[in-house]
Amino acid sequence: MKLKTTLLASAALCVATGAVAQEQASESPVAGEPMADEMTIVSWGGAYQDSQLKAYVEPYLEMNPDVSVTWDESSAEAVAQLRAMSEANNMTWDLVDVTAADAMRLCDEGLAMEVDIDDLAAPAPDGTPASEDFGDEMLVSDCFIPQIAYSYTFGYRNDVAEWDGETPTEICDIFDTETFPGQRSLEKRPHNNLEWALMCDGVPQDEIYETLETDEGVDRALAKLDEIKDQTVWWTSGADTPQLLADGEIVMGSSYNGRLFSLIVEQDQPVSMMWDAQSYDLDGWIIPEGLSDEEENRVRDFLWFATDTQRLADQAKYISYGPARASSAPMVGEHAELGVDMAPHMPTNPDNASNAFVQNYEWWADYRDDLDSRFQAWLAQ
Amino acid sequence: MSSATDPDAFTGATPDNALRDADRAAGPMLAADGTPLKRSLNRALRAQKLRALGLIAPLLLFIIITFIAPIADMLFRSVENDIVSQTLPRTVVALEDWNGEGAPDEETFRALGADLVVAAELKNHTRLGSRLNYETVGMSSLFRQSGRDVDDIGEVYADQFIVLSEAWEEPATWVALMADPDWVAEQSEWAAQEDPIGPEPAFALSEQAQEALPRTARSYAQFAQIIQSEDEDSPTEEEPWNIVYQALYEDLSQGYVTGIYSGELAQLLDNAASAVGGFEQMSVRDFFLEEVDDDWADPEVWGTIKAFSSPYTAGYFLSSVDMQLTPQGIESQPEDQQIYMLLFQRTMFMSLTIMFSCILLGYPIAFLLSNLPLRTSNLLLILVLLPFWTSLLVRTSAWKVLLQQEGVINDILVWIGLIGDGSRLQLINNQTGTIIAMTHILLPFMILPLYSVMKTIPPHYVRAAKSLGATPWTAFWRVYFPQSVPGIGAGSILVFILSIGYYITPEIVGGTTGTFISNRIAYHISSSLNWGLAAALGSILLALVLVLYYLYDRIVGIDNVSLG
């Protein structure tokens with residue numbers, strides 16, 4: 001739960017102080033060494049990739065006009081593709097954006113480079129070393145360079161007639177089909193769903209993973225999910241829930257908070273957020289193993305700039321994901337195009353984060369294969 | 001049973017008999033130039049065959065390199081399992097005598113320690129952990145954790161050896177003890193160069209060392225090799241790892257034979273050998289159980305390592321038919337984890353359903369197309385082909401819009417009052433959705449072969465049948481339909497084989513009950529990284545298709561298939 005407190009503290013600061021003047025980037029430790037002029041960056045595409053482009057890729061290219069960047073929107077299949085490239089001995093990617101769980105797997109497989117975050121990322125403007133500025137909770141793997149904290153949370157339609165003016169306010173309302181009749185959507189994998197189910201079956205948050213280690217615990221979670229199984233659409237792509245909500249196909253569903261933000265704020269749909277028990281997840285960079293020295297220097301030079309305090313704060317102007325550095329939070333301001341104050345839409349905002357929890361990556365790395373086959377077998381029944 | 005119709009019963013001049021007589025004749029048949037006819041014929045044909053082969057060679061090579069070889073390589077992964085024996089070579093040998101009860105003895109833990117230090121240096125231990133985690137929960141974090149701690153094994157002995165004589169701290173002492181004299185000469189020659197060309201010569205062990213201190217030699221050689229390859233450093237400048245001191249302690253305390261070395265080295269070793277008896281000891285077993293992780297006391301962990309220690313395994317194939325390889329032998333998966341047999345059956349059933357719906361929908365269209373005047377039929381054919389030229393994703397997403405509960409079809413049904421607003425039909429995210437969408441997508445593959453076969457059926461056959469008194473139905477059923485069967489055969493094979501491996505459409509519209517085995521294969525390739533299991537599932541799917549093809553050939557006859 002320490003992540004929560006750090007995030008809360010930083011977000012509180014953010015509300016209090018507002019934006020601070022633009023911070024100048026410092027020179028990276030590899031400056032002056034020979035560097036490659038081309039860089040292939042892999043990311044998720046869509047609004048998220050745009051936020052990266054505007055917040056630090058374009059500014060970096062302005063500073064380094066000789067450099068050209070190629071984008072590859074393959075982050076969703078990055079793990080498999082990196083393994084294939086490494087087996088073929090033909091690494092064509094220089095920098096890959098992945099989730100924390102994937103970073104951990106890539107690190108375990110020896111496909112991502114182990115890094116020392118203090119060599120790679122600039123200290124905070126007040127001199128705090130990067131390792132402290134990010135904090136242990138963000139640095140979940142030796143290969144992971146965090147960028148943002150996002151969350152899995154719920155959106156619901158606020159125009160459902162059958163609800164008689166009631167709106168879901170807490171996670172267990174998802175399982176309450178009497179007060180809130182209608183179809184739901186949940187992700188088609190065990191992560192988060194099992195945790196939410198146990199929470200609503202009366203298991204305290206800090207005993208959830210312990211409970212899930214036993215067969216009875218998993219049975220309990222699945223039995224809870226059985227209550228809504230017939231009324232649930234299972235999604236595999238982050239775009240599904242927003243589309244289903246917009247079409248009125250479902251009345252509530254889980255998705256990434258950024259996707260719901262654009263549905264609600266940018267597309268102005270009759271949908272609201274239900275932040276209770278949102279589940280934090282992290283996203284960041286890994287450097288693939290097997291780069292040449294010049295390529296690696298270029299990547300390091302870029303990362304020194306792209307992960308500094310100001311740049312991470314800039315990213316939050318374009319997308320509602322929380323910057324991974326504690327020092328970036330106070331600089332988060334308004335949305336660059338819509339002019340909305342971004343703070344209330346951040347998963348890390350204290351109002352939103354009161355009952356949030358953090359996925360236990362190490363635990364899931366162990367139990368993923370087993371629970372996934374149980375979950376899929378349960379779904380197929 | 002010899003009758004008058006038996007070929008052998010004929011004695012007159014037939015082509016068969018002429019050939020037979022020629023064979024029986026005293027000399028071989030000769031060609032005009034005097035060489036035996038057979039040989040000359042073969043020669044003439046060989047040149048032709050070679051030319052034909054030459055013509056197809058580029059394509060053949062291309063197919064072998066880009067298609068057959070990668071598939072074979074991928075399928076081979078379904079049995080490949082050398083990661084365990086390569087990462088833990090000593091442990092696998094030590095485990096051969098383990099009886100399967102309780103944690104193994106000190107010797108096995110020493111082997112594990114020695115293996116893990118090397119694996120952790122090469123960062124192989126976490127890969128092994130991921131591999132074994134497919135079989136037993138918790139292996140992933142166990143190996144990740146252990147890799148962090150194993151550096152401490154042997155530290156106690158390293159300190160005590162160094163207290164005994166500072167020479168033990170010197171890289172030079174170790175090189176003198178371990179290295180092959182030839183290597184030492186080569187190395188110093190290499191190092192003497194002002195600007196050394198190429199890497200340092202690869203380290204080589206001396207025979208002496210292997211004889212006198214076998215374990216130390218093995219550990220040191222691995223140390224030297226990794227120092228050279230991973231760190232690009234030289235064993236002449238680095239103090240060995242703690243685990244090498246551990247090995248030295250083991251060698252010296254267990255039957256050390258003096259007299260193999262001479263001079264100062266012998267003195268150093270003899271001193272150490274007589275001192276090790278009084279060394280403070282460290283049990284590697286206790287270290288693992290108490291300091292690293294008490295999961296190492298779990299026989300399940302060791303049983304899994306042992307069960308998967310052979311370089312080839314049937315484990316992946318067992319998993320793909322809902323069985324598992326456990327330390328106790330082959331067992332079936334717990335019922336709540338059985339999924340693959342269900343998915344195979346579902347894939348077969350749904351592919352057949354899709355195939356039959358395609359026949360039902362495609363036959364009348366093809367019939368119509370082939371019997372219309374050319375200009376009209378060409379126009380209609382374009383309508384058939386149009387969806388064929390549209391992106392698969394677009395077509396599938398369009399079905400999503402049409403079929404969902406708030407979608408077009410349900411809206412129309414509600415509007416005309418066929419169903420109530422509260423009881424909208426569930427047409428998507430289930431089997432119905434997959435069958436509808438895939439039937440539509442695969443329909444051209446049925447219509448086109450049918451059309452091209454029907455085009456070749458002369459219309460006067462049906463006219464003749466009618467003029468001989470057949471009703472339209474009889475004329476169709478007895479005369480027309482049998483001639484169109486090869487088209488049905490070709491279309492069915494195409495549609496069935498395509499649908500059995502379909503992935504993206506069931507993923508998007510299939511929900512939980514309408515997904516195929518291919519969706520699981522994709523999951524294991526791209527998400528769980530369990531490529532072995534994906535390969536096993538793929539092999540089974542391939543074998544199934546081949547078996548079905550064989551059965552089809554036996555029942556319908558592959559000659560009865562025509563694309564026109």
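## Contact between chains A and B

The contact between the two chains takes 27 residues from chain A and 29 residues from chain B. The model from which this contact is taken is a predicted one. On the side of chain A that touches chain B, at least two residues each come from helix H3 (78-87), H4, strand S6 (232-235) and helix H14 (361-380) of chain A. H14(A) provides the largest share of that side, namely 13 residues.

By residue class, the side of chain A that touches chain B divides into 13 charged, nine nonpolar and five polar residues.

## Domains of chain A

The domain assignment divides chain A into domain 1 (2-150 + 282-345) and domain 2 (152-279 + 359-380). A distance of 29 Å separates the C-alpha centres of domain 1 of chain A and domain 2 of chain A.

Where these domains meet, 13 residues of domain 1 of chain A are in contact with ten residues of domain 2 of chain A. Helix H2 (46-63) and helix H4 (100-108) of chain A are the elements that give two or more residues to the side of domain 1 of chain A that touches domain 2 of chain A. H4(A) gives the most to that side, with three residues. The residues of this side of domain 1 of chain A comprise eleven nonpolar, two polar and no charged. H4 of chain A is also among the elements that each supply at least two residues to the side of chain A that touches chain B.

## Strand S4 of chain A and its partners

Strand S4 (residues 145-157) of chain A is mostly covered, with twelve of its 13 residues buried. S4(A) pairs in the antiparallel sense with strand S8 (residues 271-286) of chain A over eleven bridges. One position in this pairing is A:Tyr156, which stands opposite A:Ser272 in S8(A). S4(A) is also paired in the antiparallel sense with strand S9 (residues 322-323) of chain A, over two bridges. There, A:Ala149 stands opposite A:Gly322 in S9(A).

A further antiparallel pairing joins S4(A) to strand S7 (residues 252-256) of chain A over five bridges. Within it, A:Gly155 has A:Gly253 in S7(A) as its bridge partner, and A:Tyr156 stands opposite A:Met252 in S7(A).

## Strand S7 of chain A

S7(A) is mostly covered, and five of its five residues are buried. Besides its antiparallel pairing with S4(A), S7(A) is joined by two bridges to strand S5 (residues 184-187) of chain A, and these two strands run parallel. The bridge partner of A:Arg184 in S7(A) is A:Met252.

## A:Thr211 in helix H8

A:Thr211 lies in helix H8 (residues 208-212) of chain A. Is this residue buried, exposed or partly exposed? A:Thr211 is partly exposed because 18 other C-beta atoms lie within 10 Å, whereas a buried residue would need 20 or more.

Leaving aside residues up to four places away in sequence, A:Thr211 touches A:Leu198, A:Val203 and A:Gly217. The C-alpha atoms of A:Thr211 and A:Thr70 are separated by 45 Å, and the two residues are 141 residues apart along the chain.

## Domains and annotated regions of chain B

Chain B is assigned domain 1 (15-76), domain 2 (85-151 + 284-307), domain 3 (154-192 + 204-278) and domain 4 (340-560). The C-alpha centres of domain 2 of chain B and domain 4 of chain B lie 51 Å apart.

An unreviewed UniProt entry annotates "transmembrane region" at residues 52-72, 348-369, 376-394, 433-453, 485-504 and 531-552 of chain B. Over residues 433-453 of chain B, the chain is 100% helix and 0% strand, with the end C-alpha atoms 31 Å apart. Over residues 376-394 of chain B, the values are 68% helix and 0% strand, with the end C-alpha atoms 28 Å apart. For "domain: ABC transmembrane type-1", UniProt (unreviewed entry) lists residues 344-552 of chain B. That stretch of chain B is 77% helix and 0% strand, and its end C-alpha atoms are 19 Å apart.

## Helix H19 of chain B

Helix H19 (residues 374-385) of chain B has twelve residues. From its first C-alpha to its last, H19(B) reaches 16 Å, close to the 16 Å expected at 1.5 Å a residue. H19(B) is hardly covered, as the count of buried residues among its twelve residues is zero.

Definitions and conventions: Residues are numbered from 1 along each chain as its sequence is written. Chains are lettered from A and ligands numbered from 1 in the order in which they are written. This is a predicted model: local features need pLDDT of at least 70, side-chain atom pairs count only at pLDDT 80 or more; totals for chains, interfaces and linings use all residues. Domain bounds come from an automatic or database domain assignment. Two residues are in contact if their C-beta atoms, placed from the backbone, lie within 7 Å. Helices (H or I, at least four residues) and strands (E, at least two) are DSSP runs, numbered from the N terminus. Ala, Val, Leu, Ile, Met, Phe, Trp, Tyr, Cys and Pro count as nonpolar, Asp, Glu, Lys and Arg as charged, and the others, Gly among them, as polar. The expected span of a helix is 1.5 Å times one less than its number of residues. Two strands pair if DSSP finds at least two bridges between them. UniProt positions are given in the numbering used here, feature names are shortened, and annotations may be inferred rather than shown by experiment.
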